[in-house]
Amino acid sequence: MIYRVLTRKTPYEPKPHSERPRVTDIRSDRWIQRMASNQKMSVHEITRTSQLQISKNTVHRRIIESGYMIHAKVARILPLSKLHISKRLQWAPNHKSYGDKWMGVLFSDGKKINK
């Protein structure tokens, strides 16, 4: 078999597999992804408002295929201890007279705030 493939004059091309056709096209895939990201709609809501006869699993698969929408839980942050609170309260009055130097300070605690 390998000898025949290597000595063949025409390049080897695998036979096309017949797959089940997709229910959604590229345009409807983008619409599903847009509804999930911009409108903050759930999979069930997208399925109901869609003009296509698609299942919730199909909608979920199309959202995952986009690659940029990932479901992740936000890490739980423990409350400040009394020691940390007192140190912060001591730090604030000491730096109150910092003046225009605050323009050069960059705070980057990396905390995400949802409004």
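**Around arginine 62 and threonine 24**

Trainee: What is the length of the polar contact that joins the side chains of threonine 24 and arginine 62?
Mentor: This is a predicted model, where local features need pLDDT of at least 70, side-chain atom pairs count only at pLDDT 80 or more, and totals for chains, interfaces and linings use all residues. Residues are numbered from 1 along each chain as its sequence is written, and side-chain values use heavy atoms, leaving out hydrogens and water. A polar contact is a pair of N or O atoms within 3.5 Å; within protein, one must be able to donate a hydrogen and the other to accept it, and residues adjacent in sequence count only if both atoms are side-chain atoms. For the side chains of threonine 24 and arginine 62, the value is 2.8 Å.

Trainee: Is threonine 24 buried or exposed?
Mentor: Buried means under 20% relative accessible area, exposed over 50%, and partly exposed in between (1.4 Å probe, protein chains only). Threonine 24 has 5% relative accessibility, so this residue counts as buried.

Trainee: Nice! Which residues are linked in a network of salt bridges?
Mentor: A salt bridge is a side-chain nitrogen of Lys or Arg within 4 Å of a carboxyl oxygen of Asp or Glu. Aspartate 29 pairs with arginine 22 at 2.8 Å, N to O, and with arginine 62 at 3.3 Å, N to O. Glutamate 65 also meets arginine 62, at 3.5 Å, N to O. The network therefore consists of Arg22, Asp29, Arg62 and Glu65.

Trainee: Why are glutamate 65 and arginine 62 separated by about one helical turn?
Mentor: Helices are DSSP runs (H or I, at least four residues), numbered from the N terminus. Glutamate 65 and arginine 62 are both in helix H4, and the reason for the one-turn separation is their spacing in the helix: three residues.

Trainee: Are H2 and H4 roughly parallel or roughly perpendicular to each other?
Mentor: Axes are lines fitted to C-alpha atoms, for helices over the stretch in contact, with angles running from 0 to 180 degrees between N-to-C directions. The axes of H2 (residues 26-37) and H4 (residues 56-66) come within 9 Å and cross at roughly 85°. Angles under 35 degrees count as roughly parallel, over 145 as roughly antiparallel, 65 to 115 as roughly perpendicular and the rest as oblique. H2 and H4 are therefore roughly perpendicular.

Trainee: Which residues in H4 do Asp29, Ile32, Gln33 and Ala36 meet?
Mentor: Contact means heavy atoms within 4.5 Å. Those H2 residues meet Val59, Arg62, Ile63 and Ser66.

Key:
Helix = DSSP H or I, 4+ residues; strand = E, 2+ residues; numbered from the N terminus.
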